[in-house]
There are 2 protein chains.
Amino acid sequence: MDSKTLGILGGGQLGRMMVEAAHRLNVKTVILDGENSPAKQINALDGHVNGSFTDPEAIAQLAAKCDVLTIEIEHVNANVLEAIEKQGKVAVHPSPATIRLIQDKYNQKMHLIKHGIATAEVVQVESSLEGLKAAGAKFGYPYMLKSRLDAYDGRGNFVVDTENDVEAALQFLNNRTLYAEKFARFTHELAVMVVRSLDGEVHSYPTVETVQKNNICERVFAPARVPDSFLTKAQLLAENAVKTFSGAGIFGVEMFLLDDGTILLNEIAPRPHNSGHYTQDGCVTSQFEAHVRAVLGLPLPKNFATMSTPGTSAIMLNILGGEKPNQELEECKRALETPGAIVHLYGKSTRPNRKMGHVNIIAGSMLEAEAKLARITGEPIPAALAAAEGEVAGTSQQPLVGIIMGSDSDLPVMAVGANILKSFGVPFEVKIVSAHRTPHRMTKYATEAAARGLKAIIAGAGGAAHLPGMVAAMTSLPVIGVPVKGSVLDGVDSLHSIVQMPRGVPVATVAINNATNAALLAIRILGAFVPEYRNKIDAYNCNMEQEVLKKTERLEAGGYEKY
Amino acid sequence: MDSKTLGILGGGQLGRMMVEAAHRLNVKTVILDGENSPAKQINALDGHVNGSFTDPEAIAQLAAKCDVLTIEIEHVNANVLEAIEKQGKVAVHPSPATIRLIQDKYNQKMHLIKHGIATAEVVQVESSLEGLKAAGAKFGYPYMLKSRLDAYDGRGNFVVDTENDVEAALQFLNNRTLYAEKFARFTHELAVMVVRSLDGEVHSYPTVETVQKNNICERVFAPARVPDSFLTKAQLLAENAVKTFSGAGIFGVEMFLLDDGTILLNEIAPRPHNSGHYTQDGCVTSQFEAHVRAVLGLPLPKNFATMSTPGTSAIMLNILGGEKPNQELEECKRALETPGAIVHLYGKSTRPNRKMGHVNIIAGSMLEAEAKLARITGEPIPAALAAAEGEVAGTSQQPLVGIIMGSDSDLPVMAVGANILKSFGVPFEVKIVSAHRTPHRMTKYATEAAARGLKAIIAGAGGAAHLPGMVAAMTSLPVIGVPVKGSVLDGVDSLHSIVQMPRGVPVATVAINNATNAALLAIRILGAFVPEYRNKIDAYNCNMEQEVLKKTERLEAGGYEKY
């Protein structure tokens with residue numbers, strides 16, 4: 001796709017997945033890392049360099065074979081890259097200046113603060129007991145003591161809980177250049193992948209929630225399970241942060257959501273990131289392809305960074321090496337048995353806590369994705385999750401439409417609608433829920449309906465017909481009301497009670513006793529999004545037309561007297 | 001994922017994509033084919049064999065390195081594979097007996113006929129003018145003259161149009177063993193990928209439509225653009241056909257849909273197939289991963305062969321080498337610029353009509369996918385397609401809800417609903433469409449609404465309010481009716497005219513003049529499938545609750561007299 005050769009410093013899993021994306025575009029990649037590293041295993045093209053991505057000579061060798069250099073890890077030799085960039089023959093992305101700035105976490109923070117990006121307060125700390133105590137005096141306890149350089153997966157961090165911990169902290173981060181950070185009491189860790197194009201435009205992927213275990217990212221939930229307004233705020237913060245750096249490519253931006261709703265930037269990785277793995281199967285374009293496109297100046301069209309299907313949810317589960325060799329394969333095997341779970345392994349030899357691979361779970365709702373996750377990890381599956389798992393329309397018996405009625409005396413009317421749903425192959429449930437006799441049951445039913453995967457509720461009621469309106473008041477789903485004709489007033493009482501809802505709470509009312517139309521309306525609602533049902537409605541309408549045409553034929557042929 | 005090593009006979013693009021799938025599962029693959037073949041380029045693991053997949057010695061070399069052998073092309077040496085299978089050390093899938101049976105197209109057809117699979121009539125043909133004329137006498141003209149062996153991409157086929165063509169036909173298929181096939185007058189070519197597991201269970205992917213150009217597959221539409229009943233029939237035929245063969249793996253089944261609705265099996269490929277490439281981006285599990293799983297006995301869970309998201313459509317476009325070298329990259333570049341188009345290139349050098357790669361287009365509807373296709377191929381985009389392209393909710397101003405009314409005198413009532421849609425960020429349109437004064441305009445509006453991407457219609461009308469019901473009669477979309485109060489009868493006339501629809505044609509009726517609820521109902525319908533809107537409805541309901549609570553606070557604090 002592009003005749004330029006792309007050199008990658010680092011051949012771990014991030015490099016491997018970059019190579020996978022590049023292959024599909026016929027982009028030639030050359031890798032600098034140890035022999036047989038994960039990225040090299042899947043790249044038999046010529047000219048890889050064996051060596052360290054910090055070794056000036058090896059980097060020069062790599063540069064000699066490439067048009068563009070990029071990184072899969074930020075702990076590279078930024079000086080050498082800068083010299084290469086200056087020579088002007090080989091482009092380097094992200095820019096060496098950005099890499100250097102980000103390598104030193106204290107400088108990174110100061111840079112962000114200078115540009116008005118919300119982040120935790122920081123202070124330089126002298127590597128002495130006095131220095132650590134001074135930081136404690138400034139920020140209070142606990143505070144975070146961090147190494148400025150070479151910190152990765154939390155290995156350069158120490159939580160100083162009280163003044164008594166300063167000695168242990170100093171020992172743990174012995175001989176490193178330190179700084180302190182005010183402790184952020186967060187409720188969620190968020191992350192956003194941001195792509196910066198050659199001309200400096202930034203585009204962000206959805207906001208995700210990362211869950212760490214022993215300082216290693218274990219799970220990622222996309223979108224993050226926080227209110228929508230935070231999702232947007234986090235995207236903006238991440239975009240604004242990445243705008244302050246130079247050079248093209250993808251950036252992983254980690255953030256904290258505090259309990260008062262503030263979002264603080266934690267740190268930035270100038271490369272593909274574990275929190276963006278879900279994009280491989282969840283988004284229009286994966287973070288790896290986006291990175292390759294960005295550094296080569298290939299197109300990044302509208303919506304490339306959105307979920308492939310609006311409204312779907314994704315969970316990424318890291319596969320970490322188990323205590324026993326290959327123990328982690330048990331989890332992989334369960335993932336292979338789980339529909340909608342995609343396994344990505346990295347070709348590494350097994351070692352406890354090593355990132356061996358990951359699983360992406362894609363589902364119609366987060367509830368469904370969580371049920372699949374529990375199945376894979378072997379955790380017990382809560383009943384609500386188990387019910388949600390089969391939510392996908394047309395492929396399981398998980399109901400899409402709920403039929404409820406105030407009394408079993410309404411059943412003869414409502415059963416007609418149920419039969420329509422059955423004949424259209426729509427999964428549904430039928431229940432008696434009375435507004436006046438089982439108000440709490442009604443509340444529970446209405447409140448849980450959307451989360452259970454229902455797409456519409458049909459409620460039938462007679463007399464002072466409160467059920468449809470009350471249910472509509474407690475759900476976000478469309479509610480269809482069927483006025484059931486009672487023994488007096490011809491059903492007009494039910495009709496008016498159902499249709500004359502106050503502004504704010506709609507009920508889709510159909511004709512008196514006409515559960516047929518209620519069912520057809522529910523199928524039309526499904527059909528607006530599921531072509532299978534739309535096609536069936538079209539066929540049904542066509543059939544009605546044919547029947548009338550046959551009747552008129554018989555009438556016209558035989559005459560009206562004999563009809 | 002599996003400690004077995006998988007040997008692949010053939011290293012073309014099908015082998016390459018098999019290897020790509022195997023890498024993700026840490027399954028070691030070894031390839032037999034020429035040096036630097038597409039599959040070898042992405043596999044730097046040890047032990048590939050350079051040579052031909054028909055050479056007994058090379059096959060033996062490959063077998064010595066593997067636990068399981070499979071193929072990416074059926075024109076291999078079946079005898080050698082059979083001998084290897086008999087030794088019992090290395091498993092071979094699909095079974096050599098199956099490969100041999102399928103290699104000879106006449107035998108393949110006879111086998112299918114014997115098992116009651118619908119296929120075109122065939123007869124053996126002697127390679128002489130008399131032989132060809134005898135076939136013409138039996139089947140009439142035109143008939144298909146085919147080579148029994150080594151036919152690929154139509155290269156062994158000749159359409160004998162009249163008796164005058166027999167000489168040309170004989171010359172074209174000179175020196176080959178021939179058979180004739182009755183000409184199938186098809187309207188569509190269909191194909192289904194079928195996976196056969198080690199224990200003989202078969203699972204089929206959706207039925208697709210293939211479009212050939214110069215005997216080479218050019219485009220694949222998934223699902224096929226034919227009525228649903230044919231989709232199911234084709235899947236069953238394909239499954240039944242694959243059940244008759246032995247050995248595990250994926251099979252591509254090509255079929256003809258005739259103008260009388262008959263489906264005939266055309267031919268079977270015992271391997272991944274061009275018509276299944278769309279599964280890489282469109283389905284839960286790709287045909288390549290499914291093949292790897294099947295031949296190694298790894299799990300094939302429920303729904304692995306369905307579309308990732310129910311209701312989505314996919315188009316596969318082959319990228320064929322252009323007349324000028326690399327001319328085809330123009331098409332690739334436009335694909336990179338098209339949202340939802342995924343490029344897969346094979347690492348081959350350019351040559352006219354060579355399969356260089358393919359593009360998978362995934363979209364919410366076939367109309368939208370076709371618009372993207374036209375953009376990539378550079379064909380003019382019909383206006384209806386252009387409108388459909390931005391169909392995805394929330395990402396464009398393509399309307400999702402249509403508001404129509406019989407007269408501009410209804411506007412004050414209906415505008416309230418429009419404002420609700422606006423405040424929720426729902427794209428919508430507002431039009432005057434009168435049932436009685438513009439009946440043809442109404443017909444056009446109702447008939448085209450679903451194809452234009454609308455998801456619901458809100459129709460307001462007063463008096464003899466026919467508009468909502470008439471529109472409902474001519475669309476498959478949910479129609480919401482707003483009875484508008486006239487100067488007499490208090491709107492009860494409108495209400496009854498709208499709500500009392502006959503069985504078969506539902507209108508979701510709301511309270512008199514209550515366009516607010518009509519709009520909220522439309523948003524609930526969108527929200528049943530688009531979480532963004534569901535969340536907004538939840539927030540709206542929550543807000544209503546808060547307002548009432550504030551009022552009661554004021555009432556309780558200040559007393560009812562002062563309120």
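How many residues of chain B are in contact with chain A, and how many residues of chain A do they meet? In this predicted model, 87 residues of chain B are in contact with 89 residues of chain A. About 7600 Å² of area is buried between chain B and chain A, and carbon and sulfur atoms give 60% of that area. On the side of chain B, the residues that lose the most area to chain A are B:Leu336, B:Arg524 and B:Phe529, which together make up 10% of what that side buries.

The rule finds two salt bridges between chain B and chain A. One of them can be located by looking for B:Glu20, which forms a salt bridge with A:Arg24, with 2.7 Å between the closest N and O atoms. Helix H20 of chain B, residues 531-558, supplies eight residues to the side that touches chain A, the largest share. Sorted by class, that side of chain B has 47 nonpolar, 24 polar and 16 charged residues.

The arrangement of the two chains comes next. Chain B is superposed on chain A by a rotation of 180° with 0.2 Å of shift along its axis, at an RMSD of 0.3 Å. The two copies are therefore related as by a two-fold rotation axis. Both copies use the same surface, since 100% of the contact residues of chain B recur in chain A.

Is B:Arg534 buried or exposed? Its relative accessible area is 19%, and because the cut-off for a buried residue is under 20%, B:Arg534 counts as buried. Apart from neighbours within four places in sequence, B:Arg534 is in contact with residues of both chains: A:Ala450, A:Lys455 and A:Ser476 in chain A, and B:Gly527 and B:Ala528 in chain B. For B:Ala528, the backbone oxygen lies 3.4 Å from a polar atom of the side chain of B:Arg534.

Chain A can also be described on its own. It has 20 helices and 23 strands, and its C-alpha atoms fill a box of roughly 100 × 60 × 45 Å along the principal axes. Of its 563 residues, 60% count as buried. Among the contacts in chain A with a separation of 6 or more, 60% are between residues 24 or more positions apart.

In general, an α-helix has 3.6 residues a turn, so residues three or four places apart point the same way. The N-terminal end of H6(A) is capped by A:Asp104, with a side-chain oxygen 2.9 Å from the backbone nitrogen of A:Tyr106. After H6(A) comes A:Gly116, with a positive phi near 75°.

Several loops have backbone features worth a visit. As background, most residues other than glycine have a negative phi, and most peptide bonds are trans. A:Asn26 has a positive phi near 55° and lies in the loop between helix H1 (13-24) and strand E2 (29-33) of chain A. With 25% relative accessibility, A:Asn26 counts as partly exposed. In chain B, B:Asn26 has a positive phi of about 55° although it is not a glycine. This residue sits in the loop between helix H1 (13-24) and strand E2 (28-33) of chain B, and at 26% relative accessibility B:Asn26 is partly exposed.

Which peptide bonds of chain B are cis? One of them runs from B:Tyr141 to B:Pro142, with omega near -10°, and B:Pro142 is in the loop between helix H7 (129-139) and strand E7 (143-147). Another joins B:Ala222 to B:Pro223, with omega near 0°; B:Pro223 belongs to the loop between strand E13 (216-222) and helix H9 (228-243) of chain B.

In chain A, the loop between strand E13 (216-222) and helix H9 (228-243) holds A:Pro227. At 49% relative accessibility, A:Pro227 is partly exposed. From A:Pro227 to A:Arg271 there are 44 residues in sequence and 28 Å in space, C-alpha to C-alpha.

Notes: Residues are numbered from 1 along each chain as its sequence is written. Chains are lettered from A and ligands numbered from 1 in the order in which they are written. This is a predicted model: local features need pLDDT of at least 70, side-chain atom pairs count only at pLDDT 80 or more; totals for chains, interfaces and linings use all residues. Side-chain values use heavy atoms; hydrogens and water are left out. Contact means heavy atoms within 4.5 Å. Buried area is the accessible area (1.4 Å probe) that two parts lose on being put together, summed over both. A salt bridge is a side-chain nitrogen of Lys or Arg within 4 Å of a carboxyl oxygen of Asp or Glu. Helices (H or I, at least four residues) and strands (E, at least two) are DSSP runs, numbered from the N terminus. Ala, Val, Leu, Ile, Met, Phe, Trp, Tyr, Cys and Pro count as nonpolar, Asp, Glu, Lys and Arg as charged, and the others, Gly among them, as polar. Copies are superposed by least squares on the C-alpha atoms of residues with pLDDT of at least 70 in both. Buried means under 20% relative accessible area, exposed over 50%, partly exposed in between (1.4 Å probe, protein chains only). A polar contact is a pair of N or O atoms within 3.5 Å; within protein, one must be able to donate a hydrogen and the other to accept it, and residues adjacent in sequence count only if both atoms are side-chain atoms.
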